Amino acid sequence: MTQADTLAATGVEALAARTREFVREVVLPAEERIGGDVHDLDPAVRAELIAAARDAGVYAPQLPTEWGGQGLDTRAQAVVFEEAGYALLGPLATGCAAPDEGNGLLLERVATPAQQERWLAPLGRGELRTCFAMTEPAPGAGSDPRALATRASRVEGGWRIDGRKWMITGARGASVAIVMARTAGEPGDAGGATMFLVAADNPGMRIVRDLETMDAGFYGGHAEIDFDDCRVGDDDVLGEVDRGFAYAQVRLAPARLTHCMRWLGLARRCHDLALAHATSRRAFGADIADLGLAHQLLADNEIDIAASRAVIAQAAASIDLDADAANASSIAKVFVSEAVGRIADRSVQLAGARGLTAETLLSRYWREMRAFRVYDGPSETHRWAIARRAVSRFRREGRA
């Protein structure tokens, strides 16, 4: 390791330590007061947490410094995001929550300077939120984005968007939506998608309803949105026309990995809550933590935490080095989403009846992690993609 590498690592460790302290001293008390329900968090509480994070120097670790962030690469994000994720409110407070974190990356890489000044600069200051509108009701885009059915048609001075989106995280209260719409071809075609920046006050975009879901960890919840004669200008096109699917890859692989980082942090919180209970509750003449069956649950949690961290680190390096990042992030998504679910489940079991109540928030955390196996691509879809790549690679290399 060079001296520069050592200094960089030291800086990351210092930021992680500040984030750890901030989450424990500021965020967790707020989370316990609201019972873990982030969907309907009071905007004033969000503003207070963001201001505190900025004062503590831990806000927007992923954004470049020119946009108000800490300028971390993906490998460094893995360390800091895990600490932010130790509380459900942690990512929101520190400005690295989905969907804003992924949308910020997309705006940084693809947006014009004018679009960046309008949307990315205030995002980096914590002054607005965004959403990413791609998923549609069946038979539209979901696990298969090529099924995209929302249509954008040329009109005088710009475009007209018509269609419906659903399960759009953070739509309620977002200032702008990044909307995927088909500008060429038909549903099922591999190309022909374009991204549009649609401001929340556009009369052609309407939130139809807020969806009631098992999770409550995303500010603004999940919504269904209707686009009816939604008019936008040419300057609202994000990137180039018909290149939306390519731009989506800029966002999707890193964003699914950063989900893994944050949920690993919350899984560690579950494990710590289970340890606190197991070392203080006595049964059969001993602390629960000293009983053999508890040993297995605790040990398996430790194993899943260590393995998840290693898989995330490998995928983060792949993204930074541009080396088969899509496959590495799919592997991480499958493994970590299932591992953190196991950790949460074992932690609930170890906590017994208290784990089922709101007193520990373990049952809330379990529900959040169960949902992670579905969004950002269900495990089955990623396994299908991983297997196809393996078969293709073997056939291409032609060796056993």
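Okay, some ground rules. Since it's predicted, local features need pLDDT of at least 70 and side-chain atom pairs count only at pLDDT 80 or more, while totals for chains, interfaces and linings use all residues. Residues are numbered from 1 along each chain as its sequence is written, and side-chain values use heavy atoms, with hydrogens and water left out.

Let's start with strands. When I say helix or strand, I mean DSSP runs numbered from the N terminus: helices are H or I with at least four residues, strands are E with at least two. Two strands pair if DSSP finds at least two bridges between them. Strand 2, residues 151-155, pairs antiparallel with strand 3, residues 158-169, over five bridges. Arg154, for instance, has Trp159 in strand 3 as its bridge partner. The two strands make a hairpin with two residues between them, and Gly157 in that turn has a positive phi of about 85°. On to strand 7, residues 222-233: nine bridges join it to strand 3, again antiparallel. There, Ile161 stands opposite Cys230.

An unreviewed UniProt entry annotates residues 131-230 as "domain: Acyl-CoA oxidase/dehydrogenase middle"; such annotations may be inferred rather than shown by experiment. That stretch is 0% helix and 49% strand.

Now, the inside. A nonpolar core is a set of buried Ala, Val, Leu, Ile, Met, Phe, Trp, Tyr and Cys residues joined through side-chain atoms within 4.5 Å, with buried meaning under 20% relative accessible area, using a 1.4 Å probe and protein chains only. The largest core has 90 residues, and Leu238 and Trp263 are among those with the most contacts inside it. Helix 7, residues 244-278, gives this core its largest share, 13 residues.

And the spaces? These come from a 1 Å grid over the protein atoms alone: a pocket is an open set of points with protein on both sides within 12 Å along at least five of seven lines, a cavity is a set where a 1.4 Å probe fits but cannot get out, and lining residues have an atom within 4 Å of a point. Volume is the space filled by probe spheres set on the points, which are joined across faces, edges and corners. The largest pocket holds about 1,500 Å³, and Met134 and Asp376 are among the lining residues closest to its centre. The largest cavity is about 370 Å³.

Which helix gives the most to the lining of the largest pocket? Helix 7, with eight residues. Helix 7 also gives the most to the largest cavity's lining, with four residues.

Conventions
Buried means under 20% relative accessible area, exposed over 50%, partly exposed in between (1.4 Å probe, protein chains only).
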